[in-house]
Amino acid sequence: STLATETNTDYTGTTIDGVTLTGTDIATNKAGQLRIYASKGVITLNSGAKKMTKIEFTFSSEEYAGVLEAEGYSDGVWTGNASEVTFSNTGKQARVKKMVITVVE
């Protein structure tokens with residue numbers, strides 16, 4: 001099933017459609033966008049017994065797109081097969097407007 005996650009909620013330490021998001025140096029702004037601060041922000045997505053096969057990020061603007069890094073991640077999309085994926089930001093502040101997470105049982 002595909003789990004679409006909008007960023008109008010406070011992500012930190014919450015479970016979104018069965019996927020738990022935790023992190024360091026992350027926050028949400030007034031618009032509810034997920035902010036991952038430059039050079040230190042790290043988020044971990046954990047789906048428990050399920051496997052995440054794709055994670056797509058939509059950023060708020062080019063200026064705040066940041067540089068998210070994770071093994072198997074490129075062009076705003078992670079493609080893999082894991083129950084936990086950690087992304088780190090090594091560029092400018094990343095403002096994520098939307099995440100679409102595809103999980104399988």
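Entry 1. I began with a salt bridge in this predicted model: the side chains of Lys 40 and Asp 25 meet at 3.9 Å, N to O. The two residues are 15 apart, and the pair links distant parts of the chain. I found Lys 40 in the loop between strand 5 (34–36) and strand 6 (42–46), and Asp 25 in the loop between strand 3 and strand 4.

Entry 2. I looked up how many salt bridges the rule gives. The count comes to two. I noted the other pair as Lys 54 and Glu 56, whose side chains meet at 3.9 Å, N to O. Lys 54 is partly exposed at 32% relative accessible area, and Glu 56 is partly exposed at 29%.

Entry 3. I turned to the backbone. Most residues other than glycine have a negative phi. Asp 25 is not a glycine, yet I read a positive phi of about 55° there. I placed Asp 25 between strand 3 (19–24) and strand 4 (26–28), in the loop.

Entry 4. I also looked up Asp 75, a residue other than glycine, and found a positive phi near 55°. Asp 75 sits in the loop between strand 9 (73–74) and strand 10 (77–82). Is Asp 75 buried or exposed? I recorded Asp 75 as exposed because its relative accessibility is 79%, and the cut-off for exposed is over 50%.

How values were computed. Residues are numbered from 1 along each chain as its sequence is written. This is a predicted model: local features need pLDDT of at least 70, side-chain atom pairs count only at pLDDT 80 or more; totals for chains, interfaces and linings use all residues. Side-chain values use heavy atoms; hydrogens and water are left out. Helices (H or I, at least four residues) and strands (E, at least two) are DSSP runs, numbered from the N terminus. Buried means under 20% relative accessible area, exposed over 50%, partly exposed in between (1.4 Å probe, protein chains only). A salt bridge is a side-chain nitrogen of Lys or Arg within 4 Å of a carboxyl oxygen of Asp or Glu.
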